[in-house]
Amino acid sequence: MITCYVKYIIDPFQLDIFEEYGKRWIKLVNRFGGQHHGYFLPSEGANNVAFAMFSFASLSEYENYRRLILEDQECIEAFKIAEDSRCILSYERTFLRPVFE
């Protein structure tokens, strides 16, 4: 299993738009065979940092997802939300391997 941890720097004045973006991607990741663990939006502390986590069974399944989303209409529309609004200023991805008991 591979878990993608994404740290976003967002425009705090467009939090509602970013939340809509996140809700769309939760459904999309799940539709493409991943397991989305949610988006985590600012509450206390920094008002411009958000996080997301989702997992795929393997790195190859994640890479296949990355290929497929480039041609899927719902994914293209979700990308466009962020592009048009500029609610995401930057992001960084880290890939993690979960440890279970």
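Predicted model: local features only at pLDDT ≥ 70, side-chain atom pairs only at ≥ 80, totals over all residues.
## Helix α1

Helix α1 covers residues 15-31. It has 17 residues and reaches 24 Å from its first C-alpha to its last, close to the 24 Å expected at 1.5 Å a residue. The buried residues of this helix are F18, Y21, G22, W25, L28 and V29. Viewed down the axis of α1, these buried residues fall within an arc of 130 degrees, so they line one face of the helix. On the other side of α1, D16 and K27 are exposed.

Several elements contribute to the cover over the buried residues of α1. Among them are the strands β1 (2-10), β2 (35-40), β3 (49-56) and β4 (88-96), together with the helices α2 and α3. Beyond the end of the helix, α1 is followed by G33, a residue with a positive phi near 95 degrees.

## Helix α3

Helix α3 spans residues 73-85. Its 13 residues should span 18 Å at 1.5 Å a residue, and the end C-alpha atoms are 18 Å apart, which agrees. In α3 the buried residues are C75, A78, I81, A82 and S85. These residues cover an arc of only 120 degrees around the axis, which puts them on the same side of α3. E83 and D84, on the other side of α3, are exposed. The cover over the buried residues of α3 includes α1, α2 and β4.

C75 is found in helix α3. With a relative accessibility of 0%, C75 counts as buried, because the cut-off for a buried residue is a relative accessible area under 20%. Apart from its neighbours within four places in sequence, C75 is in contact with W25, L28, F32 and I69. Of the residues in α1, W25 and L28 are among those that are buried. The C-alpha atoms of C75 and Y62 are separated by 15 Å, the two residues being 13 residues apart along the chain.

## Salt bridges

The count of salt bridges in the model comes to 5. One of them joins E19 and K23, with the closest N and O atoms 3.7 Å apart. This distance meets the criterion because a salt bridge requires a side-chain nitrogen of Lys or Arg within 4 Å of a carboxyl oxygen of Asp or Glu. E19 and K23 are 4 residues apart in helix α1, which means that about one helical turn separates them. E19 counts as partly exposed at 33% relative accessibility, and K23 counts as partly exposed at 47%.

R31, D72 and E74 are linked in a network of salt bridges. The side chains of R31 and D72 meet at an N to O distance of 2.4 Å. R31 lies in helix α1 and D72 in the loop between α2 (59-69) and α3 (73-85), so this pair ties together parts that are 41 residues apart in sequence. The side chains of E74 and R31 also meet in a salt bridge, at 2.6 Å from N to O. Here E74 lies in helix α3 and R31 in helix α1, so the pair ties together parts that are 43 residues apart in sequence.

E74 counts as partly exposed at 45% relative accessibility.

## The largest pocket

The largest pocket holds about 330 Å³ of space. It is lined by 20 residues, and the closest to its centre are Y8, Y21, F79, Y91 and R93. One of these, Y21, is a buried residue of α1.

The lining draws on both strands and helices: β1, α1, β2, α2, α3 and β4 each supply at least two residues. The element that gives the most to the lining is β4, with 5 residues. β4 is also among the elements that cover the buried residues of α1, and the cover over the buried residues of α3 includes β4 as well.

Technical notes
Residues numbered from 1 in each chain as written. Heavy atoms only, no water. Buried < 20%, exposed > 50% of the residue type's maximum accessible area, 1.4 Å probe, protein only. Expected span 1.5 Å × (residues − 1). Arc of directions from axis to C-beta. Contact = heavy atoms within 4.5 Å. 1 Å grid on protein atoms, 1.4 Å probe; cavity = no way out; pocket = protein on both sides within 12 Å on 5 of 7 lines; lining within 4 Å. Points joined across faces, edges and corners; volume = space filled by probe spheres on them.
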